Amino acid sequence: MRYAVISMMLTLAGAATAQEVIDNSGDAIPSEQLEAAIGSVSGRLSDPLSAQFRNLFLSGSGLICGEVNGKSANGKVVGFVPFAYNAAEDRVIMLSDPPSAEGDDAALLMSQGGCTWSNGRFVEFPTAG
C-alpha cells in the first residue's frame, strides 16, 4: 500500500509516473528519503517511468540500497540492477553488467557504505541505528 501512496505523491508533484516498489521492502525507509531515491535512480534510466524497485533497505551509513529494473531506449526490459543512493550528495551508484572499471569502483563505494553485492544478491542488510 505504501508504494501506491508514494506513486500518488509523485504524480501530484509532477507528471504521472509508473515507478513502483514491487515488494514491501520500502516500508522501513522514511517516505521523503524513499521518494528522493526513487526519483534520482529513475532519472538514470533510459525510460524513467518504467522503473521497478525491490529489495530496498537503509544501510548503517545512510545509503538507500536496492535493485531497479527498467526499459532501455528501445523498449526492452534490462533486468534488475543493484544500486545505492546517497541522499547527502544526491548521488546514485549503479553496478554495470558486465562489470567495468566504473562498476568495480561503484561496487567498492557501495560496499563501504554498507551495501555489499556479491553473487547476484546483497549479502548484508545493515540498518541505520
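In which strand does Asn86 lie? Asn86 belongs to strand β4, and the legends below begin with the surroundings of this residue in the predicted model.

View 1. The side chain of Asn86 reaches the backbone nitrogen of Ala88 at a distance of 3.0 Å. When residues up to four places away in sequence are not counted, Asn86 touches Leu63 and Arg91.

**View 2. The hairpin of β4 and β5.** Strand β4 (residues 81–86) pairs with strand β5 (residues 91–94) in the antiparallel sense, over four bridges. Ala84 stands opposite Ile93 of β5. Four residues separate the two strands of the hairpin. Asp90, in the loop between β4 and β5, has a positive phi of about 45 degrees although Asp90 is not a glycine. Most residues other than glycine have a negative phi. Asp90 is partly exposed, and its relative accessible area is 48%.

**View 3. The pairing of β2 and β3.** Strand β2 (residues 52–58) and strand β3 (residues 64–69) run antiparallel and are paired over five bridges. Gln52 has Asn69 of β3 as its bridge partner. Asn55 lies in strand β2 and has a phi near 55 degrees, a positive value in a residue other than glycine. With a relative accessible area of 31%, Asn55 is partly exposed.

**View 4. The open sheet of five strands.** The strand order is β1-β2-β3-β4-β5, and the pairing is mixed. β1 (20–21) and β5 stand at the edges with a single partner strand each, so one side of each is left without a neighbour in the sheet. Helix α2 (residues 31–42) packs on this sheet and touches β1, β2, β3, β4 and β5. The direction of α2 makes about 135 degrees with that of β2.

**View 5. Helix α2 and its buried residues.** The twelve residues of α2 reach 16 Å from the first C-alpha to the last, close to the 16 Å expected at 1.5 Å a residue. Leu34, Ala37, Ile38, Ser40, Val41 and Ser42 are the buried residues of this helix. An α-helix has 3.6 residues a turn, so residues three or four places apart point the same way. Leu34, Ala37, Ile38 and Val41 are among the buried residues of α2.

**View 6. The disulfide between Cys65 and Cys115.** How many disulfides does a search of the whole structure find? The search finds one disulfide. This disulfide joins Cys65 to Cys115, with an S to S distance of 1.4 Å. Cys65 lies in strand β3, whereas Cys115 lies in the loop between α3 (101–112) and β6 (117–118), so the pair ties together parts that are 50 residues apart in sequence. Both Cys65 and Cys115 are buried.

View 7. From the N terminus on, the elements run α-β-α-β-β-β-β-α-β-β. Of the 129 residues in the protein, 36% are buried. Among contacts with a separation of 6 or more, 50% are accounted for by residues 24 or more positions apart.

How values were computed:
Residues are numbered from 1 along each chain as its sequence is written. This is a predicted model: local features need pLDDT of at least 70, side-chain atom pairs count only at pLDDT 80 or more; totals for chains, interfaces and linings use all residues. Side-chain values use heavy atoms; hydrogens and water are left out. Two strands pair if DSSP finds at least two bridges between them. Contact means heavy atoms within 4.5 Å. Axes are lines fitted to C-alpha atoms, for helices over the stretch in contact, and angles run from 0 to 180 degrees between N-to-C directions. A polar contact is a pair of N or O atoms within 3.5 Å; within protein, one must be able to donate a hydrogen and the other to accept it, and residues adjacent in sequence count only if both atoms are side-chain atoms. A disulfide is a pair of cysteine sulfur atoms within 2.5 Å. Buried means under 20% relative accessible area, exposed over 50%, partly exposed in between (1.4 Å probe, protein chains only). The expected span of a helix is 1.5 Å times one less than its number of residues.
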